[in-house]
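This briefing is intended for a reader with the sequence and the coordinates at hand. Please consult the structure shown below before reading on.

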Amino acid sequence: MAKKKTSKKSVKTKKRVVKKINWVPSKKQQVLAGLFLFFLGLGLLLAFTSYLFHWKADQDTLAALADRSVQANNVMNKFGAGISHFFMFKGFGIAAYQIAFLLSVTGFYWFFRKPAAKIKSYWFWGLLLMLWLCTVLGFFAPEQAILSGIVGYELNDYLQDYLGFAGTILVLSFLFLAYLIIRYNLTPDVLGQYFKTTRAQVKADFDEAKDVEQAEIDAFLEQEKAKAEAEAQAAEDNNLDKNGEEKEKTLGSSITFENTQPEKVSAKADDKAEPAKIIIGNQTDDVAMEVEQAAEEEVDEGNLSNKLVKDFGEFDPTLELKNFKFPTLELLVDHSSGKGGITINQEELENNKNNIVNTLKNYKIEIAQIKATVGPTVTLYEIVPEAGVRISKIKNLEDDIALSLSALGIRIIAPIPGKGTIGIEVPNKNPSIVSMRSVIGSTKFQNAEMQLPIALGKNISNETFVADLAKMPHLLMAGATGQGKSVGLNAILTSLLYQKHPAEVKFVLVDPKKVELTLFNKIERHYLAKLPNAEEAIITDNTKVIHTLNSLCIEMDSRYELLKDAMVRNIKEYNEKFKARKLNPENGHKFLPYIVLVVDEFADLIMTAGKEVEIPIARLAQLARAIGIHLIIATQRPSVNVITGMIKANFPARIAFRVTSKIDSRTILDTGGADQLIGKGDMLYTQGNNLIRLQCAFVDTPEVEKITDFIGAQKAYPDAHILPEYEGEENGTGLDIDVSERDSLFNQAAEVLVTAQQGSASLLQRKLKIGYNRAGRIIDQMEAAGIVGPFEGSKARQVLITDLNALEEFLNEA
């Protein structure tokens, strides 16, 4: 009996336990829980959306979530950055939005105390759809972790390891169709019934519209009929003569007045001094015939281009090389270490931050906030000083901050344009290489809607920087030897080769060094332009440089004439009009490719040729932008006698690599900063407003060789693009050839030059004590006579007669 009692107690105890487990929340608790989940879902939605825009900038805050002084860019601050990083980057990518949606729906149902069965169904199918969606995103965008998340990447990787590419597509397609069939009952019968219903509805709507239209037509006809009957009745009431009416109708139908075309008829009448005529019956006037023909011609001209476009399509300038293939990314090498290209050293960031704060504290400068942005070469520390701190006080501490950081050199931007912060750029201890492959393969470059896109490198936020050469419109590059100018030129040329067809752009390459641009000889018949009868397209001789520049000026003038005839303002409008077949090639019109002049060492040209180079360069810089001729000039000596005021005024876009002094920096940029760069492609870019610090994309010589080999192996044009012929001045000025017109000091001056074996006007000034103008005229007379050679820039002229005896014989024969 005792045992039975014990068993009853145990049963009662179990029942009590069960009652405690089956806890049902009160109405108030359920409403509060629903409200909490609803707002939690909205918060996640805001955090996820903000994370899409700021996830790169918030990477360095993830390790310091407990630090209250660190602020994130996310709209939900550190909580939003952390939870978004967990669910999106480490989780399911943008498919994680499903979690925010499910939480909000659950909160809505709990708040209004709806049945719980639907919530379970939403969660089950929602989570399945989330897994499928992140896997699909991992399949189509495996390199974009922000889209698929690590879960989607790993699921796709797992499927492809076992099923392969095709098998993964089949599985994902099957799962999607299965979801539609099970969830929404989309069987073939249901779809067929839906389309039948839709078709019947469309037919019914069409028949109804047709009936309405027919009713409107019938009503209009009835109205016209009634109107005609009323007019007939009115005519009968007025007793109009039938024959007279018919005559009037006949006369009215055969009379045409010349003033139907007032401008052309009045002009014709003035020529013949006759009054305007009337055409009655079948008589035809000459003036009316001409008016009619002119009107027909105008209509023909207006419709000709439309007819040609309809028959033949728009003109395609690439048709001659229609099978041309652009270089592939595989020709470029990925020099960057790791997938992202940047390794973030948290310890280095923390040490630098502490050193900056402590250094400023030593000078009693308090900091309200500090934030770091890691770039490939330098890290930008943005600081917000306390109220009352003068900016100039921080700028004066540049060397002290550099000393505390043990850095090669820092650059202070006070303030950062567009922001209320002060920037301190500190070089990274382990700078990353920005490879040309990563820049060319970026979405920003591939989708650039620019006329001449050039990928210069990456900015301090590790974002690809793409600029349009056509809008610069000319580019000036300067920097000390070995700091990256030649690599920068190769990067610019490579960018254009990857984007523009040979029919769309031509290069004029000037290489006084004779070794930097020789690789591009292989694409001479594709992309290069040269003078007629020139042996090589790449120009190394200074005399040919002068001829080429003047030839480009002739090309510029002829292009402006074409634009004038076409009544357009720039090359873009002209080419669009030509493609639409609105310009007649028989009138000299043709498709105009862009021409890019690249000069690798401008200082050498100025030293040897001086004004003969500077004047055509200045003309092209001033006028050539509208007709598609753009200049890229590089020099390693940015002094004022090389980069003159006339040239600087027409080159708003400038790139400065590292220079040796602040004076050189001011010469190229009009401000300091280039002397504080760290070299190896580190550069400052400006287009007339703000300075942007970039790390130039690195493209090695073997990569350029592969690209030119790839292009050179394809079908090419018969020859390089031929520039207009330029005839230089032969035999000096050609003046004073007559012996009687020679200067009285001619013979004496000839003896001076032959004795010194140096053809110089300044020598004649000193020896003969005459002015510069007279000495110059004597030199021109000697050149015409054949005693001295032609002008060679800053060099002295060559004396063609070796000694005084030969001179005496020469003068006696003359």
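The model is predicted: local features need pLDDT of at least 70 and side-chain atom pairs count only at pLDDT 80 or more, while totals for chains, interfaces and linings use all residues. Residues are numbered from 1 along each chain as its sequence is written, and side-chain values use heavy atoms, with hydrogens and water left out.

**Overall composition**
- The chain contains 28 helices and 17 strands (DSSP runs, numbered from the N terminus: helices are H or I with at least four residues, strands E with at least two).
- Of its 814 residues, 42% count as buried (under 20% relative accessible area, 1.4 Å probe, protein chains only).

**Cysteines**
- The whole structure holds 0 disulfides (pairs of cysteine sulfur atoms within 2.5 Å).
- Cys134 counts as buried because its relative accessibility is 0%.
- Cys696 counts as buried because its relative accessibility is 6%.

**A four-stranded sheet**
- An open sheet of 4 strands runs in the order S3-S4-S6-S5 with antiparallel pairing (two strands pair if DSSP finds at least two bridges between them).
- Its edge strands, S3 (367-374) and S5 (411-413), each pair on one side only.
- Strands S4 (residues 378-385) and S6 (residues 422-427) pair in the antiparallel sense over 6 bridges, and Tyr381 stands opposite Ile424 in S6.

How values were computed. Buried means under 20% relative accessible area, exposed over 50%, partly exposed in between (1.4 Å probe, protein chains only).
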